[in-house]
Amino acid sequence: MRLKHSEIVWLKCSAISAISALIFVSAISLSAQSPALEAIPVRGHIYLIGGAGSNITVSAGPDGVFLVDSGLAPNADRVLAAIKALQSRLQQSLPAAPRAGAETATATNLEPFYRTLTPPKPIRYIANTSALPDHTGGNEKLALAGKTFTGGNVTGEIGGEGESAAILAHENVLSRLGDAKTPAKGLPTDTYFGATLKLAYFFNGEGVELLRIPAAATDGDSVVHFRGSDIVATGELFDFTRFPFIDLAKGGSIQGVLAGLNRMVEMAVPEFRSEGGTLFIPAHGRVGDIADMTYYRDMTTIIRDRIQDLMKKGRTLEQVKAARPTEDWDGRLGQDKSWTPDMFVEAVFKGLQNPKK
């Protein structure tokens, strides 16, 4: 049967329309996929992975990988991919072994290939700065992808204890995650209750310690200090995208936040005129130095003092909110819908009303 010219044209148009629709749907599908994450260099062997929930600090080197926080659970696979890509880049950038004439062990042009045959060192440790979901959600998957040290120089040989990365945190984080029914593999394996938790040996060429910050954003906050790199992963204590987060229900307080900020200002050493030197990796947003940390501390102190003064004058919570004690900084730090200026003011007000003992 022969088709008329008009029918042929109609069929062609229909086919083109179907193909166009398919391409359009495919484009939407691709655009809906989450973009890949990337490890951004901070200093030396310290990197930052952003966009997974909270910022994730990465120490990558000859001993393996040390992570500070693990992001949200749905982003764990993307975090693992970013770590794998980072390890591959670092492995390819290693200097070539010395060569001498006929004693050359392998052809120079094949060396990059042989490097790919050596598996990268695994994730050894994950430190949680708090029990908040965007800091701990990826614990289980990232820990199971790693392998920690056990029994000195032995790895993964003593009763299977080394078959996943160790998770370090304050003991209150373990308690909070347990109450939240977190899977066992996502719970901290090593906790501390005093002022500090120090690794017993250098990791990637430097000392690493967790420092306790009581009753700040929560009751289980730690900051992680990479002592050789002079970098501090601050957790929720420092966040240049919004006002300091305070979870009163989980033991947080404005006075604890300020104590933590003051402690980090005291730790910092500027490179020149309050710039550079000690670097602070925040919960979200860009890396800061002592100038940024001092600015953030001063802003928090001023707002606390304003609210405290209004409370002494007998103002109610609604009256304090109406006075807009955060107004000077709302344009810069008040745009986060999940933590608005009013929410911050309310947390400060209630914390001052019922101070932690």
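**Arg304, a buried residue with a relative accessible area of 15%, in its salt bridge with Asp305.** The structure is a predicted model, in which local features need pLDDT of at least 70 and side-chain atom pairs count only at pLDDT 80 or more, while totals for chains, interfaces and linings use all residues. Residues are numbered from 1 along each chain as its sequence is written, and side-chain values use heavy atoms, with hydrogens and water left out. The closest N and O atoms of Arg304 and Asp305 lie 2.7 Å apart; a salt bridge is a side-chain nitrogen of Lys or Arg within 4 Å of a carboxyl oxygen of Asp or Glu. Asp305 is partly exposed, at 36% relative accessibility. Buried means under 20% relative accessible area, exposed over 50% and partly exposed in between (1.4 Å probe, protein chains only). By the salt-bridge rule, the count comes to 16.

**The salt bridge between Arg297 and Asp298.** Here the closest N and O atoms are 2.7 Å apart. Arg297 is buried, with 17% relative accessible area, whereas Asp298 is partly exposed at 32%.

**A salt bridge between two helices, formed by Glu346 and Lys321.** The closest N and O atoms of Glu346 and Lys321 are 3.0 Å apart. This pair links distant parts of the chain, 25 residues apart: Glu346 belongs to helix H11 (residues 341-353) and Lys321 to helix H9 (residues 317-323). Helices (H or I, at least four residues) and strands (E, at least two) are DSSP runs, numbered from the N terminus. Glu346 is partly exposed, with a relative accessible area of 25%, and Lys321 is buried at 15%. In a further group, salt bridges with shared partners join Glu236, Asp239, Arg242 and Asp336 into one network.

**Arg124, a buried residue without a salt bridge.** Arg124 is located in strand E5 (residues 123-127). The nearest side chain of opposite charge belongs to Asp63, 7.0 Å away; Lys and Arg count as positive and Asp and Glu as negative, while His and the chain ends are not counted. The side chain of Arg124 does, however, reach the backbone oxygen of Asp63 at 3.1 Å.

**Strand E3 (residues 56-61) and its neighbours E2 and E4.** E3 is largely enclosed by the rest of the structure, because 5 of its 6 residues are buried. Strand E2 (residues 46-49) runs antiparallel to E3 and is joined to it by 4 bridges; two strands pair if DSSP finds at least two bridges between them. Ile49 stands opposite Ile56 in E3. The hairpin of E2 and E3 has 6 residues between the strands, and Gly51 in its turn has a positive phi of about 90°. E3 is also joined to strand E4 (residues 64-68), by 5 bridges in an antiparallel arrangement. Gly61 has Gly64 in E4 as its bridge partner, and 2 residues connect E3 to E4 in a hairpin.

The mean pLDDT of the protein chain is 87, and 80% of its residues reach 70 or more. Where pLDDT is low, the predicted coordinates should not be read in detail.

Notes. pLDDT is the predictor's confidence in each residue, from 0 to 100. A polar contact is a pair of N or O atoms within 3.5 Å; within protein, one must be able to donate a hydrogen and the other to accept it, and residues adjacent in sequence count only if both atoms are side-chain atoms.
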